[in-house]
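I opened my notebook to look up a few spots in this model.

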Amino acid sequence: MAWKNPVSSWFTAMLHCFGGGILSCILLAEPPLRFLANNTNILLASSIWYIIFFCPCDLVSRGYSFLPVQLLAAGMKEVTRTWKIVGGVTHANSYYKNGWIVMIAIGWARGAGGSIITNFEQLVKGGWKPQDDEWLKMSYPAKVTLLGSVIFTFQHTKHLAISKHNLMFCYTIFLVTTKITMMITETATMPFSSIEDTLSRMLFGWQQQFSSCEKKNETKSSFNGTGSSTSKPIADTSDKVKKKHTKKTE
């Protein structure tokens, strides 16, 4: 992809790197191309993109294939995710004072914008798949970023009795530990999937339980109806036999 169409590859890489900033700017009615004003970040991201795809003998890509290097990069990424969430929540509070929903949305967009904006990224590449929509199948980064955005919003509005730095430290340790554990064990199971399933059944599973009970009652009633309908012809035949027997005796 990078060799055939380097411009499209570079653009999708920039979307993945600065997707959170672009999405938060769109939500706050700010210029979405404001990230281009930071020349240092653009040059750094472009140089990393170039050496990964066009380095002789794929030396950088091969070096990144080692697990310790991947673990180090994943840990650094989770650290920056915390700072992005906090920055998004603080930036939204400057526009909408104590606006919980706005603060949560901007913190979520700033921290997980790269995964949320994947649909547009795939569209630029020409390989968009509707079944892989992030809104239909939320990934681990999107879920954990949403959780962090809610927590930091409560802390920012003074509803959590903990300092910001301590909360950032605890949340970063949680992110790094879970991410490294998932990479080492090579599992895609979410660390809080059991809690998520329990809450889903408690909050959104009542209709399914009622529908299943109604189906059971319908099957029972239909079974009783068939049983009564079958018993009627048996009773009719027995009455006919009795009448014939009385006629013979007479």
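These are my notes on two annotated spans and two residues.

**Entry: the starting point.** I am working from a predicted model.

**Entry: the annotated spans.** I checked the UniProt record first. The unreviewed entry puts the feature "transmembrane region" at residues 7-29 and 41-60. I then looked up how the chain runs over each span. Residues 7-29 are 91% helix and 0% strand. The C-alpha atoms at the ends of residues 7-29 sit 27 Å apart. For residues 41-60 I found 80% helix and 0% strand. Here the end C-alpha atoms are separated by 20 Å.

**Entry: Asn98.** I asked where Asn98 is found. Asn98 belongs to the loop that joins helix H4 (67-95) and helix H5 (100-116). Its relative accessibility is 44%. That value lies between 20% and 50%, so Asn98 counts as partly exposed. Next I looked up what Asn98 touches. Leaving out residues up to four places away in sequence, I noted Asn93, Met103 and Thr157. I also checked Asn98 against His156. The two are 58 residues apart in sequence. In space, their C-alpha atoms are 8.4 Å apart.

**Entry: Thr178.** I moved on to helix H8, which covers residues 164-185 and includes Thr178. Is Thr178 buried or exposed? Its relative accessible area is 11%. The cut-off for buried is under 20%, so Thr178 is buried. I then looked up a polar atom of the Thr178 side chain. The backbone oxygen of Leu175 lies 3.0 Å from that atom.

Technical notes
Residues are numbered from 1 along each chain as its sequence is written. This is a predicted model: local features need pLDDT of at least 70, side-chain atom pairs count only at pLDDT 80 or more; totals for chains, interfaces and linings use all residues. Side-chain values use heavy atoms; hydrogens and water are left out. Helices (H or I, at least four residues) and strands (E, at least two) are DSSP runs, numbered from the N terminus. Buried means under 20% relative accessible area, exposed over 50%, partly exposed in between (1.4 Å probe, protein chains only). A polar contact is a pair of N or O atoms within 3.5 Å; within protein, one must be able to donate a hydrogen and the other to accept it, and residues adjacent in sequence count only if both atoms are side-chain atoms. UniProt positions are given in the numbering used here, feature names are shortened, and annotations may be inferred rather than shown by experiment. Contact means heavy atoms within 4.5 Å.
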